[in-house]
Amino acid sequence: MGLANARNTGIALAKGEIILPLDADNSIELDFVYKAIDVFNNNNEVDVVYSDAEFFEDKTGTWIVGDFNLQKLMISNYIDACAVVRKSVFDKLGGYDEHMKKVKTGWEDWDMWLKIAFANKKFHYIPMIGFKYRVTANSMIKDIQNNIMNQNLLSEYMQSKYPSQLGIKHIHNFVKNRFKPHPLLFVIKLTLYSWFPKFYKKLVIKNKIINTV
């Protein structure tokens, strides 16, 4: 019955005070669980604890997630489902969106984090490898990333669900308005910002350019 239903069923049956969604193809680092529990025990205001991850199989390296930033989260998801959450949060907010599968399953995690963030719950980042994240060519997320139609359907669904928060159109308009008056200058600044960030920063410090691409 879909990813959201499976997780919601497990959460509803769980008797503990904290929940850790762990996909079958990932593996958790035990130290992360202990440290997350310590955070909860020492800070009643924290509702979600998340970490970095290490890729394996078709991709290697470290996924550095970083401190929580709502603006960044509103643009796209950057926190994996493999995080520790108070069960009371799921009970209060209603769990994962089971209606998303009618559109195209795949963004339930992002939707859950947005729901929690918009409810003013607090996220806490632990800078450590909390779990190992398997990347394969035929994974569900790869299917979504490689299918433009699926991404458009999911994007439209998310924007309709959070019309006052997910203003993707405002980002597009901002870029368009910066590009149209001086297209060449915009491309030059974007190039400097992307490939020569130190030089770009020096120009900003010297007030040679405005610090907006």
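**Salt bridges, burial and surface**

Q: In which helix do Lys87 and Asp91 lie, and how far apart are they there?
A: Both sit in helix H4 (residues 87-93), four residues apart, which is about one turn of the helix. Please keep in mind that this is a predicted model.

Q: Why is the contact between Lys87 and Asp91 called a salt bridge?
A: The cut-off is a side-chain nitrogen of Lys or Arg within 4 Å of a carboxyl oxygen of Asp or Glu. The closest N and O atoms of Lys87 and Asp91 are 3.3 Å apart, so the pair qualifies. The structure holds six salt bridges.

Q: What makes Lys87 buried?
A: Buried means under 20% relative accessible area. Lys87 has 12% relative accessibility, so it counts as buried.

Q: And what makes Asp91 exposed?
A: Exposed means over 50%. Asp91 has 51% relative accessibility and therefore counts as exposed.

Q: How do you know that Arg7 and Asp23 meet in a salt bridge?
A: Their side chains come to 3.0 Å, N to O, and the limit is 4 Å. Arg7 lies in helix H1 (residues 3-13) and Asp23 in the loop between strand S1 (18-19) and strand S2 (27-28), so the pair ties together parts that are 16 residues apart in sequence.

Q: Which classes do Arg7 and Asp23 fall into, buried, partly exposed or exposed?
A: Arg7 has a relative accessible area of 11%, under the 20% limit, so it is buried. Asp23, with 30%, falls between 20% and 50% and is therefore partly exposed.

Q: What makes Asp109 and Arg7 a salt bridge?
A: Their closest N and O atoms are 2.4 Å apart, and the limit is 4 Å. Asp109 lies in helix H5 (residues 108-118) and Arg7 in helix H1, so this pair ties together parts that are 102 residues apart in sequence. Asp109 is buried, and so is Arg7.

Q: Which residues are linked with Arg7 in a network of salt bridges?
A: Asp23 and Asp109 are linked with Arg7 in that network.

Q: Why is Phe123 called buried?
A: Its relative accessible area is 8%, under the 20% limit, so Phe123 is buried. Phe123 is found in strand S6 (residues 122-135).

Q: Which residues line the largest cavity, and what is its volume?
A: Tyr50, Ser51, Val65, Ile79, Asp80, Cys82 and Phe131 line it, and its volume is about 30 Å³. By class, the lining has five nonpolar, one polar and one charged residues.

Terms used: Residues are numbered from 1 along each chain as its sequence is written. This is a predicted model: local features need pLDDT of at least 70, side-chain atom pairs count only at pLDDT 80 or more; totals for chains, interfaces and linings use all residues. Side-chain values use heavy atoms; hydrogens and water are left out. On a 1 Å grid over the protein atoms alone, a cavity is a set of points where a 1.4 Å probe fits but cannot get out, and a pocket is an open set with protein on both sides within 12 Å along at least five of seven lines; lining residues have an atom within 4 Å of a point. Grid points are joined across faces, edges and corners, and a volume is the space filled by probe spheres set on the points. Ala, Val, Leu, Ile, Met, Phe, Trp, Tyr, Cys and Pro count as nonpolar, Asp, Glu, Lys and Arg as charged, and the others, Gly among them, as polar. Helices (H or I, at least four residues) and strands (E, at least two) are DSSP runs, numbered from the N terminus. Buried means under 20% relative accessible area, exposed over 50%, partly exposed in between (1.4 Å probe, protein chains only).
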